[in-house]
Amino acid sequence: HEESEVLDVLTERAPALGMEPTCLALYEGRSEDVPAAARVLLPKGDRGEPGAVLETRTLTFDRFLAEAEPRSLAVLPLIHRGLSTGIVAFATRTLAPCAAVARQLAVALESVRLQAAMRALTLRDDLTGLYNRRFFESELQREVERSRRFRHDIALVMMDLDRFKDYNDTFGHRAGDEALRSVATCLVASAHRRADALIRYGGEEFAVLLPETNVAGARRVAERFRRAVAACGDFQRPLTVSAGVAALRGEACDGERLVLEADQALYQAKREGRNRVCLASPSSPNDG
């Protein structure tokens with residue numbers, strides 16, 4: 001993680017300049033241009049847990065000093081392009097290098113933040129704002145590994161808009177794009193857990209990756225989404241979705257298999273008349 005790399009460089013090189021970094025906190029959220037909270041990156045290890053979010057007004061520095069001979073404590077703002085983004089504190093016998101280090105640190109952390117923001121953009125679908133296929137592939141691999149390690153369930157819902165080509169042909173592609181955005185809005189409004197990943201899989205197909213969810217729970221999620229789309233009044237004419245549900249767990253969990261089984265269940269829903277949810281057929285771990 002890039003923030004960790006910046007911290008490693010800081011804690012490794014600062015002592016050579018006669019400085020010990022004792023606190024580093026980045027502001028989060030503002031109220032009337034006043035930082036409301038700060039995310040503490042230092043101290044860490046035995047002297048505290050990194051990542052804690054504190055009210056800015058409660059942030060004090062005396063507790064970050066180890067018991068030792070009296071030293072100066074330099075507390076400096078991290079300023080980038082005229083905006084204070086946080087604070088850094090050094091226990092030091094000399095104040096001379098502190099300001100220069102704080103300036104460099106502010107630039108490095110802002111660069112990390114911008115890179116993270118750019119990466120986030122590459123994982124979102126431009127049209128709908130949902131996660132894209134690239135995100136899905138990496139998140140699926142991560143959740144499959146978790147399922148194998150901890151024997152958690154993992155479920156996948158694959159959904160496809162019914163007769164969407166006819167909708168596009170009748171009302172035009174601009175109306176089709178608006179319909180896809182409306183479907184995405186329905187999915188977001190109907191999602192109950194932040195951990196559930198909502199994905200535009202491609203074209204008019206959507207996916208929902210559900211960690212720690214069995215097939216019964218995934219079916220309830222799929223039915224909720226199906227009803228939400230059917231009840232949506234933002235289309236030129238009513239639209240519906242067909243959905244397929246699959247779930248695996250433990251050693252049986254395989255990403256490709258999960259997608260294949262959910263896809264097969266989706267096409268079964270299409271064959272049975274659309275606007276319905278079908279479950280993947282039960283299969284043994286050794287089935288192909």
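At the start of helix 6, a side-chain oxygen of Asn 214 comes to within 3.2 Å of the backbone nitrogen of Ala 216. The model is a predicted one.

**Helix 6**

- Helix 6 spans residues 215-231, which makes 17 residues.
- From first C-alpha to last, helix 6 reaches 24 Å, close to the 24 Å expected at 1.5 Å a residue.
- The buried residues of helix 6 include Gly 217, Ala 218, Val 221, Ala 222, Phe 225, Ala 228 and Val 229.
- Glu 223, Arg 224 and Arg 226 are also among the buried residues of helix 6.

**Arg 226**

- Arg 226 is a residue of helix 6.
- Arg 226 counts as buried because its relative accessibility is 16%, and the cut-off for buried is under 20%.
- The side chain of Arg 226 makes a polar contact with the side chain of Glu 223 at 2.9 Å.
- A polar contact at 3.1 Å joins the side chain of Arg 226 to the side chain of Asn 275.
- Leaving aside residues up to four places away in sequence, Arg 226 touches Val 241, Asn 275, Arg 276 and Val 277.

**Helix 3 and helix 7**

- Helix 3 (residues 133-150) packs with helix 7 (residues 255-271) at an angle of about 115°, and their axes are 9 Å apart.
- The two helices are therefore roughly perpendicular to each other, as angles of 65 to 115 degrees are classed that way.
- On the helix 3 side, the contact is made by Phe 136, Leu 140 and Val 144.
- On the helix 7 side, Gly 255, Leu 258 and Val 259 make the contact.

**Cysteines**

- The disulfide count is 0.
- A disulfide requires a pair of cysteine sulfur atoms within 2.5 Å.
- The closest cysteine sulfur to that of Cys 232 is in Cys 186, 3.8 Å away, so the pair is too far apart for a bond.
- Cys 232 is buried, with a relative accessible area of 14%.
- Cys 98 also counts as buried, at 1% relative accessibility.

Key
Residues are numbered from 1 along each chain as its sequence is written. This is a predicted model: local features need pLDDT of at least 70, side-chain atom pairs count only at pLDDT 80 or more; totals for chains, interfaces and linings use all residues. Side-chain values use heavy atoms; hydrogens and water are left out. Buried means under 20% relative accessible area, exposed over 50%, partly exposed in between (1.4 Å probe, protein chains only). Helices (H or I, at least four residues) and strands (E, at least two) are DSSP runs, numbered from the N terminus. The expected span of a helix is 1.5 Å times one less than its number of residues. A polar contact is a pair of N or O atoms within 3.5 Å; within protein, one must be able to donate a hydrogen and the other to accept it, and residues adjacent in sequence count only if both atoms are side-chain atoms. Axes are lines fitted to C-alpha atoms, for helices over the stretch in contact, and angles run from 0 to 180 degrees between N-to-C directions. Angles under 35 degrees count as roughly parallel, over 145 as roughly antiparallel, 65 to 115 as roughly perpendicular and the rest as oblique. Contact means heavy atoms within 4.5 Å.
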